[in-house]
Structures are given as C-alpha cells and as structure tokens.
4 protein chains.
Amino acid sequence: MPGNSFGECFRITTAGVSHGRGYLVIIDGCPSGLPLSEEDLRPDLRRRRPGQSHLVTQRDEADEPHIWSGVFEGKTDGTPIGILFENEDQRSKDYSDIKNKFRPGHADFTLDAKFGFRDYRGGGRSSARETICRVAAGAIAKKLLSYQGVRILGYVKQIGTIISPTLDLERLTLDQIEANPVRCPDPETAIHMENLIESVRKNRDSIGGLAEFFAIGVPPGWGEPVFDKLKADLGKAFLSLPAVTAFEYGKGLGVVTARGSENNDLFYQKIDKKIGTTTNNHGGILGGISSGEPIICRAAVKPTSSLPQAQQTVDQSGLETEIITKGRHDPCLLPRFIPMGEAMMALVLVDHWLRSRSNRLNQLCELPQDSFSLAK
Amino acid sequence: MPGNSFGECFRITTAGVSHGRGYLVIIDGCPSGLPLSEEDLRPDLRRRRPGQSHLVTQRDEADEPHIWSGVFEGKTDGTPIGILFENEDQRSKDYSDIKNKFRPGHADFTLDAKFGFRDYRGGGRSSARETICRVAAGAIAKKLLSYQGVRILGYVKQIGTIISPTLDLERLTLDQIEANPVRCPDPETAIHMENLIESVRKNRDSIGGLAEFFAIGVPPGWGEPVFDKLKADLGKAFLSLPAVTAFEYGKGLGVVTARGSENNDLFYQKIDKKIGTTTNNHGGILGGISSGEPIICRAAVKPTSSLPQAQQTVDQSGLETEIITKGRHDPCLLPRFIPMGEAMMALVLVDHWLRSRSNRLNQLCELPQDSFSLAK
Amino acid sequence: MPGNSFGECFRITTAGVSHGRGYLVIIDGCPSGLPLSEEDLRPDLRRRRPGQSHLVTQRDEADEPHIWSGVFEGKTDGTPIGILFENEDQRSKDYSDIKNKFRPGHADFTLDAKFGFRDYRGGGRSSARETICRVAAGAIAKKLLSYQGVRILGYVKQIGTIISPTLDLERLTLDQIEANPVRCPDPETAIHMENLIESVRKNRDSIGGLAEFFAIGVPPGWGEPVFDKLKADLGKAFLSLPAVTAFEYGKGLGVVTARGSENNDLFYQKIDKKIGTTTNNHGGILGGISSGEPIICRAAVKPTSSLPQAQQTVDQSGLETEIITKGRHDPCLLPRFIPMGEAMMALVLVDHWLRSRSNRLNQLCELPQDSFSLAK
Amino acid sequence: MPGNSFGECFRITTAGVSHGRGYLVIIDGCPSGLPLSEEDLRPDLRRRRPGQSHLVTQRDEADEPHIWSGVFEGKTDGTPIGILFENEDQRSKDYSDIKNKFRPGHADFTLDAKFGFRDYRGGGRSSARETICRVAAGAIAKKLLSYQGVRILGYVKQIGTIISPTLDLERLTLDQIEANPVRCPDPETAIHMENLIESVRKNRDSIGGLAEFFAIGVPPGWGEPVFDKLKADLGKAFLSLPAVTAFEYGKGLGVVTARGSENNDLFYQKIDKKIGTTTNNHGGILGGISSGEPIICRAAVKPTSSLPQAQQTVDQSGLETEIITKGRHDPCLLPRFIPMGEAMMALVLVDHWLRSRSNRLNQLCELPQDSFSLAK
C-alpha cells in the first residue's frame, strides 16, 4: 500500500527529502554477477546534477553515491543494493517566508492536506531531488539491459514552440545529445532553445517542453497483455516524475485524427528473417507487448512552478498573501529531465525483462519429446 | 508478478478471453455493508455493450453479470466479490483465415512471441471484451465513491478533427452524455461526429478520437507523493485500456508551450472557507495528490485496427499475405470507450481513498492531549 | 492489502463461501504450454472431497471443476486460469439456530467483529470448503513441478496419541498413502487410528492430529535469504489452512532440547558428485534456501470445532445460550487435510521456482568471456 | 518478487550484510504525527545487541541507529523512514579458512547454489545481524500500537529440558523479563538456564530453546479470513527469523492429542459486557482473526550452528575437510531472540491494524439513515 516502491521483479524503494540528511534507495531483485561500482552511477548522476550548466539551478551538490550493500568484490551478489546520498548544500536558510504559505504549482497544500503538516524546507518529499535515487537505480538497470543489447536514450524535442526536426533515432548517440546544455541533438535547434530559455529567465519566468525517449534492441514479448501493459507501466513511470503532465507513445495524440488504414503498421519479413513492421506508429508496443521495433515515447514537462516573481496565494489560515521564490531554480526543467526519464524507462524495461523469464514452460525446463509438438 | 490484477487496496483480478467460455472478475477489498446487486452493474455494462447503436459493433452479447460471491442478503459482506460473464455469441466461425496471420495493429504477433502460441479466435486475451470485467468492478467503485460524494463522468471530446466546445464540467450530467450515440454532450458536435463516423465506415476505414474524464468531489489528500502519484496511477489505468496511446491531465500537452506565470494556479480562500485555486491547469492534482479541485484527464484512442479492407501482412512462417477483417467492429472506439475510462478512473480513486485511511495517526486513534509526552 | 491472494509469481486468488453459489479461483502466472484439462484436477479434488469414506462428512458435493479460461487447445496459454465450482448440496436448512449464536472454535464472532455481520450459513468465507480452490490450483502446481522432477506427498503421522513409525520418505508412494481412509501409509497404525476416530465419533467428540509433508527433487537454491525464506513461506501456507495451529520443518520443535553438535547436518560429496548432508535435521532448508535434500515439514491440526453435543456460548446480544452442531462434520480433519497441505506446499515451491529464474545474470544471458571489461 | 520487504501497509525493506559497510532499513507506511527519535529505538536495540552479558557473543557493535529521513521536527511526517546502521567492528580477519568451506547449519552452500557466489565474511546476508533493522522497525511498530493500547512482550520459556513454570502473562512486565540475562522472568528457572548455557559453552557446544510471545489489548477483528490469517502472517514473521524451526500459537502442537470438547474455548459475556472466552486455547485468534483475548505464540530456536569444535564438511570443490568456528558466537540464541520476536509480532500487528481500517463502509463515511439498519 505505501507508495515509495516501484517495480515488481526489479524493485526500488526510496526515502529522503530535499533538505534532510540525504536520500536512500534500496534496489531489490538485481541478479548476481553484474560488475558494479560507484563509477557506473556517476555519469547519469552528473547529467542530472544541478549546476552543470548556466541553464540549470546552481545548487551545489556533489551527488556522490555511496553503495552501502549488495556488491561484493566488484559484482552484485544478489542481495539488495543500498545506495546513500548525503545532502551537502543545506544552506542555513530562513524558511519563515514559505513555512506557512502554499507555493502555487507545488505540493505544499496537498501534502498538508494529506499528512497534517509537511517538511516545509524546499519541496520536502515532493522535491525533484528524489529522482537522484531513480537515476542511480536506472544506471544499474541500463547496465543490465546492455547485456541484452538494449540501449536507451532521451533528448529534448520541444521547448515552448521550438521543435526539433525529426531525427533518425537508430543513429542517435549519447554524445550528440550531450553536445549542448539543452540536450537537443540538433545543434541549430539547440541554440534556439538555449536562447529562449535565457530570455524566459530574464523575464523571471519559466517554460515547459517535450522530451522523447526510445529503447532499441528490446526483443518481441516483453510486457503483459492486460493491466501491466508495457505502455501502461511506462506511462506510470513517466507520470510519477515531477512536473510531467502528459505521456504518449508511438503516434500518441496523433491518433486522434488518424484513419485506421494509415495508422496500422504492416508486418513484413526483414532481411534477417525476423518479422518487423514497415512503419512504427505503434511505438514498438502492440497489445501492451513489445514488438521488436524501437520503443518510443514522449513526456510533457510543465514550466517550473517556482518563480522569482510575486504570485498571489494564501497561507495556512487561508489569508491572502503573496510569495516570491528566492532560491535557485531551473527556468526550464527539460535538460535535467532527460536522465530522469531514461532511468524510468530502464526500470520498466528491466522489470519486464525479468518478468518475461517464466512466460513459457519450455523456458523453464526441457519438455519431453511428446510435448514438443505442443509447446514449441 | 503476473499482470492480471489492478489496485492495491481495492484490487481486481480478471480472467477470460473473447471467444472462450466467458469472463471472471474477483474484486478484493470492497468494504462490507455496501448495498449491491446485479442491477447496480447493468447500467454501465449496457453503455459498454456492443450492439447498442448503429455506430458500434453488432455482436450480440447480453453481457449479463452473475454475482457469484461477496454479497449476502443484499449487501457486500467483506469477502471477495466474484462476478461471472458467459460468452453467448460465440459464432461457430471459420478462423482458418486469421489463425496463422498477424493482423496489423493487433497483439497477434506479440502474443505469439511472448507465449509461443495464442488463442487465435478474436483477440483472445487482448480483446477489449476483457473490459467487461473492469466496467462491472468500476460500477461498484463508483457506488462506493458516491458515499463520499464523488461523481465521475466521461464524454467524447474529439473525433478526427471535430472538437467539442469547452463545457462546464461541474454542470454536465450523465443524461446529456447519453443523449446521443456518440456520447458527446454538445448536440451539434455530436451530429458532426456521427456523420464523420458513418462516412469513415462507408470508406471501410476507422477513426480515432479523444475522451475527457472528470471526478468532482474528491477531497484534498488522496494520492501518494512519489511513485503512486494520482496522475501516475490514472495514467497507468487509462493506458492499460486497449487502443489508448496517450494520457494527459489538466493542461496536459498544453504545458509544452506555457510559461510558468500563466500555468501556475493561484490559491485563494473560497466562500466556504476552503482553499481552492482560481484556475485548474493542474487538473485537480498537485505533487501527485488531489487538491480538491475537479480531477480532469484525457485519453487518446487510436482508430480501430480491424478493417474491412485488405491489409498487407505476414503469416507465422514469415510469408507475405494479406488480410481482411470480416467480423463486426466499431469504426470508432470512442463511444464505447467512455464507460471503460470512467471505470478505470473510479478504480484508481476508490483505491486511493482506501489507501488514504491511515495517513495520519490522529485518523487511527484519539491522540492524548500532549502526545509529545508519550514519546518514551 | 486484501487477503484473498497467495503467491508472488504463481498467484492464486479465490472467492466464494460454503453455502453461496460456489467458488472461483483465478491462477495467474502459470507459464504457457502446460497440457491441462479438468482431468488433471480431479484426483486431488476427489481426495479432498467430503463423503469419500465413512470417516469424513457425508455432505455430497460433486466438486466438479470447470476450467473457465487459460487453456487453449489442451494447453495453458499464459493467460489467467479461471476455475469455477458450483455448490450443489445447499440443503434448504434452517439456520435460525446458529444465525445469532457464536459457535465455539469458529470464526463466527471474529467475522462479526471484523465486517459487522457475516454469512451465517455454514462457515461462510471461513469454511474449509474454500480449500477446494487451493487443491485445484495445487494440482496445476504439482504438474508444473513434475517437469522439474519434484514430487510432493503428505500423510497422517499422528492422531491423538497414536503415532506412525518413522517411514522411508523417499520410497513412500501415493498408493500406500491412499490405501486406507486415514491416509497413514503404515497399515497397522492406520487401523488403530481408524478405530480411535470411530470411538471419538461415538462419543460425539472430535480429535486432532499431525500430518507430515515432503518434497523430493527440489534442487538447491530455491527460497530467499531474508523475509521470504522457504520455511517462512511454507509456514504461512500451512498456517493459512483452517485448523492448523502449529508448523515445523526438519527437526522442528525437537531443536529445543538439541545440542548444536548433534543438530548440525554435515556436508559430504555424494556418489553423483553433488553435495549433500549426512543427516537432514534441517528439513532440506538452510538459511531459508533449499539445500537439495528432501524438504520435510509438519502441521498440527486441531480437533473439529463443530460438535454434536451441547456447548455453552453466547448470542450476538451477549446472552448465554448453548449450541449443538446438527450438520455433517468430520470427527477428525486429518485424512482430508492431506491434499490441502500438499497443495499449499506445491504452491509455495512452484512460486519459488519461478522466482529463482532471475537469480544470476548468467541465467539471463550469455556473459561475455571477460565480463569485467564490460563494466563501462 | 524480491524477498527483502515485509508487510503490506506498514512495509519494511532491509539491505546490508554483517561485514559490509552497514545496514539500511526503509519503513514505508508509518502514519504521520508519531513522536519519534533515535531514543525510541535504542532500548530494544540494546536488548538485541551483542556483548550485553556474559551469555552472548562479545562482538562489540554500538548498533547506533541514524534516522535518515521520515521524521520532521520530532514527529513522523508520513514519508518513508530511513534508518542507517554502520558496521563498526569489522575486524580485519583472515577469512581464508571459511571462504571456500561450507559451514554446517549455515547458508553458505545454499547461497552459493542460489547466487553463484557469496559474501563469505561472516554470514553475509544470512547473518542474524540483519535483524537489527527489524528490531528498529519493530520499536516504531510497538510505539504506534501503544496508542491503541496494545502491549507486546516475549520471554524465554524453555532451554534444553529446563522449562519455565506457567506464568500469568497479563501481569508479566518488561522489568521482570529483563531482570536476568536469560530473559526468563521466573528467577529460579533463569538460574538453571544460565547454568545450563554455561556448561554447554564449556563443552564447546550450543543449545536450543523455546520462546513465548504475547500481545495484550488487540481488539477483535484484526486479520484476514483466508490467506492472510493473523496466525499465518505471524507464522511467516517468526519463521523468517534465523534459526526458527517451529511456530505454534495457542495450544499449538498440544491440539494433536486434544479432544474437541476440551479444546474449544467457550464464549461468555465479561463484566464489561464484552464477549470473551473462558479459556484461551485459541491463542487469541479464531478463523485467522483476533478475538480480543491475548494473542499468544511460541517459536523454537535451534542451537547455534557455529561451534568452536571441529566439524566435518566439504569445500566448494566437494573435497572433504573440517572446520572450526573461531569467531564470537552465542552458545544459546534465545536471550537475544526475544527482542527480535517481539519486533516481528509488532510488525504483523501494526500491519493488520492499518489493513483493518477499511473493513466496513461505516468506518469510511457516515452512512445514510436508511442504510443504518443494514450496516450496523
């Protein structure tokens, strides 16, 4: 019932708040034998980290992961992996300003309604800093998936009205995405986006955007046919991230105006004799199960709620007041959202990989001769 | 690990396929004392039923629910509610045509990849007929929620490029929605939609659309702050329905081009002294937790994959072939989608209602006057 | 949260009461490709059935299973298996006698306390008739396990003070156990037990006993090291059966007076080069994980609570009264308990078999020659 | 699927090994508003701690808990409680002796079989040191339960053949139990037990025992009627503790020789008008649900497997060898087992308290007038 775990077979549980002592994550269900050290976690943590460019908040956190358990002599040993992060930059701040006021767009009011009170320092449990746990766990998931040949990437597709041209996802590389602080691999678009974000910041405002994620190499057969469809679990994963207001996969909202005759992807036999589809409107998922085509999805991210300008609100007693965010905040969440989304995609996929391990009796054991004709 | 259950506290488990003996659903976690009979289930089942209008498939199923357990002397008794549906209209059909072919847009290929073979009669487990179980369970969820004053409705907002004007959701009634076969409460739009669907049908094609759902009366405080955010569980719920390719809540994809200063909803004190927001871009959910404002979300539904025209595909051995759907299929899934979506929304909300019952110690027991002194 | 499901990967959910329309069980997580029909379920259902001998209740139920879903063309298809039982022998009985009285030893009072009221016909949800679902699911679990070479049996070890001599479990056969109505494979002991039960019945009383269960062929490595130890899950499984008041495995309660030097089982290398232990005080489980030795456990079953003699009790208003059970009841539950216990053991073992499928990365994929170099 | 969590509504997840960096536990589902600090955890941790008396291992660990999250301004805030323990006394030991050998009675062999290798320092994940997490979480559970008036205690009932006389549990106090290092509240028996343990230690051997636990103040109605019976969840909880080989509640194994007429507990009305039973053979649980009588159960604990004498075994290659435990080990596990057992009992009870919060519709909301006659 409690809501701080994610996944069925590869399950993560997180704890911690933005201005407390730090964060903990326990990853349960990781198979033994995976080479693992803190060094495997750092690249994605660095991509998520504040202060990495002029576009994002300057809060200075080392975000250094401490693997507390689950790794022995350089490899996972099958026991739960505990990872610990310390909050270093807890400025001795005066919170009296926000202690009793509800910041618009934030969870202050709803947390109070739920629990009777809240940790009013920063976002408390609702802070996006919690995703540090997910990104670390996601890095492990990605590494596991790499043994199956699965590669996951995300990039910024749109900020405001500036849209990236369509890209050849199968050729897209991490380096291209990381080549600029916006994480849009089209260099020209990236510059426009960067300028837009800068101008928004100067206006003491913030702006939203759209990010696209894809996984290449997922074989056909992952996902469950009814409730735990791959699209459903991906949807939950992305919508569980702060600020995400919409999720779509494949053609997504585009299906609203589509005809079936154009939306259906036709099957054909590929050169390698495998079965594929000539188009990929289905985003690699049919009936909730992976088809072998690239899995493609997108998430819309709202503009940062914290604004360095006065906003009307009320305090806990209902009296009208106003509030100005003084802290350090990204004018656009998208660049740092990329590693978070990739992590969630990896967590879903590794979970369904493990879940798919007992789909068929002939995966479990040699079937006797006479049942081969049945269960091939 | 298996994927045929949904919900944590109010949990449903379904079984059955479209052309087998029928469907079973077990609803576990329903509190005792709720007056319940088959009559409570029939209205929504009728709205979901095939053959209800000229717009939808003419398959003739009574869809009569049989409450098998969990109700004693007219009330739920706290034990699991079992409901049984028989498949009546199993035409002795010749399936040789689709047995070995993969229908485009369907789960035929992916089910084969997952399980080694599939029930090739109709969609098998992937048939939307499985939602009969969800609609029945959802009717129970709705009735429970009505005791808390929560009202859930859905309607068709867009089909193809025909969009309903913005409606005053708080005044919208079930009767208005049911007034026409499209389930768009704006009469003029409904006629346009109906005409569009008819013309698509004549072209042996199908068309997609968008449906909007809302819940009024949810108090602040339902939902969990991290993984089991209300928006995440709603997203999973809707994306677990067949043909849904996108989910959004509140302003949804509209946030991509929004500025924070316009997207934030400002808090104010309402006449009844409760705290509300002047606008509802947040769709009733802040930080994953209900705010007390109406919860509003939308789902995009793709055009029906089964088409009465020839489509290219391959058979199980990879040979190229073509396929024409001969059966009875809706040219547009949206009208019958409404009760399915309402059911999933109800299941999520009743689950989070029950989950919210232990948020605070003072809900569990009278706290002593000075509870701090008890801290020994 | 609701309590009507059992198992993680091979999960069963049951519904129904003893005097309602019947029972439903949904088995989720059964791999595809297992040949299955009602005939596979009947033998164990017959062993569980009332009326099978003069020792047990004469209630006449066909206990005929109807596989409602999950089997296609004679094999499981990976979708949930639904099984339905109808209650046939619902005598139009006068329940006024027990409607408002609390039967000693039964759940009447506690169900009322929990749910506010109860189905007073028979035991309602607490009736041992619910185990019909478990026995059917257990038969499927047993059949799956047989592909892995696992064999499960149980027998009556003690009734009252009559104890079976120690048996060579590895040579014990189902036929020996089924050779007499008591299900004690030692013929002489069986006669004594039968006589004891008959004399207890004549005294309008009932008697308890002890049953032993074992599984042969479980390979080393099933079970989890901490909470989901094999012994813990077996303990829960057996204690979830009605009337069980104690569970032990291996030497069980005998360890209380044992010295470590005699209780430890010493490792040695067997002729087949496998590692075994010279004794099996550990009942095939070390640290919660199977060792490869036979898994052995026992459950104590209390004497039937329903008695055909007057017992003091109170009614719902607290007034003193007395009650005599008029119905048909076994004077000793042990003979019919054997198939129930076997079923629960099979459900636990098949679950942990499936769970063990992702323990090691080299089960999931071919590891590269020097997998350490992959640690990038 | 992974096995490192326990509980449904009040759920704990643990990580860590005996000779790694330390342990983590995340407690999810604790209601907000509970006053909590490290000081609440220390008393039970001290009772569990090594080195507390001459009877137990002298390993010197401070076992100091660090509350990492979940508490704000002295009270739980509804977010997950993270607690961290550092392993301080990691002697730089030479493990070459046990690295490749399988210690009899330990999980060395089975962990290798499961995960391919193991952390060979101490027991790794199978070390009883993991219970430090459970005892800390159990202290929180106990404190929560105290608000409901529930009191939990355990004591050593038997060591070898030395048995404590029957005690009046309702009058038993923590002070009486803690009055001697054996934790047997009968002073005379305690001395005999102490002497026995000392003599066993001198013989380089170890000895088992039996511990009894009880909870007073649990109201009628906690527990679920079928799989999640209170007795089943208690059984799992105790059997998930290291070295436990048997669990019984109420009359336990004594039912084997009992007649129904003596075993049934008769209902009567108590002076306070509540309904009780004249005896408590049912150990406070009927049909898996609490009856309001004291809940009483017992666990058998095997003699310590580590022995300071040579034992035959094999190494990983199957070669015969022998092993002598050089480390610090308790000759009898019972004294330190008491706080572990109490913790597990508290975790089960608090979980079922929270689970029972939605049993009846009239707990959730005011029922309308006309339904009062139904759901009272």
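**View 1. A salt bridge between K236(B) and D233(A).** In this predicted model, K236(B) of chain B pairs with D233(A) of chain A, and the closest N and O atoms lie 2.7 Å apart. Six salt bridges are found across the interface of chain B and chain A. On the side of chain B that touches chain A, the residues divide by class into 46 nonpolar, 40 polar and 20 charged.

**View 2. Polar contacts across the interface of chain B and chain A.** Here 45 residue pairs are in polar contact, with both residues of each pair at pLDDT 80 or more.

**View 3. The area buried between chain B and chain A.** The two chains bury about 8,500 Å² between them, and 62% of this area is on carbon and sulfur atoms. M1(B), K114(B) and F227(B) together supply 11% of the area that chain B buries against chain A, more than any other three residues. In terms of contacts, 106 residues of chain B meet 106 residues of chain A.

**View 4. Strand 11 of chain A beside strand 11 of chain B.** Residues 244-249 form strand 11 in chain A and likewise in chain B; the two strands run antiparallel and are joined by three bridges. Within this pairing, F247(A) stands opposite F247(B).

**View 5. Chain D laid on chain A.** A turn of 180 degrees with a shift of 0.0 Å along the axis places chain D on chain A with an RMSD of 0.0 Å. This is therefore the relation of a two-fold axis. Both copies use the same surface, as 100% of the contact residues of chain D recur in chain A.

Terms used:
Residues numbered from 1 in each chain as written. Chains lettered and ligands numbered in written order. Predicted model: local features only at pLDDT ≥ 70, side-chain atom pairs only at ≥ 80, totals over all residues. Heavy atoms only, no water. Contact = heavy atoms within 4.5 Å. Buried area = accessible area lost by both parts, 1.4 Å probe. Salt bridge = Lys/Arg side-chain N within 4 Å of Asp/Glu carboxyl O. Polar contact = N/O pair within 3.5 Å; in protein donor to acceptor, adjacent residues only side chain to side chain. Nonpolar A, V, L, I, M, F, W, Y, C, P; charged D, E, K, R; others polar. Pairing = 2+ DSSP bridges. Helix = DSSP H or I, 4+ residues; strand = E, 2+ residues; numbered from the N terminus. Least-squares fit on C-alpha atoms with pLDDT ≥ 70 in both.
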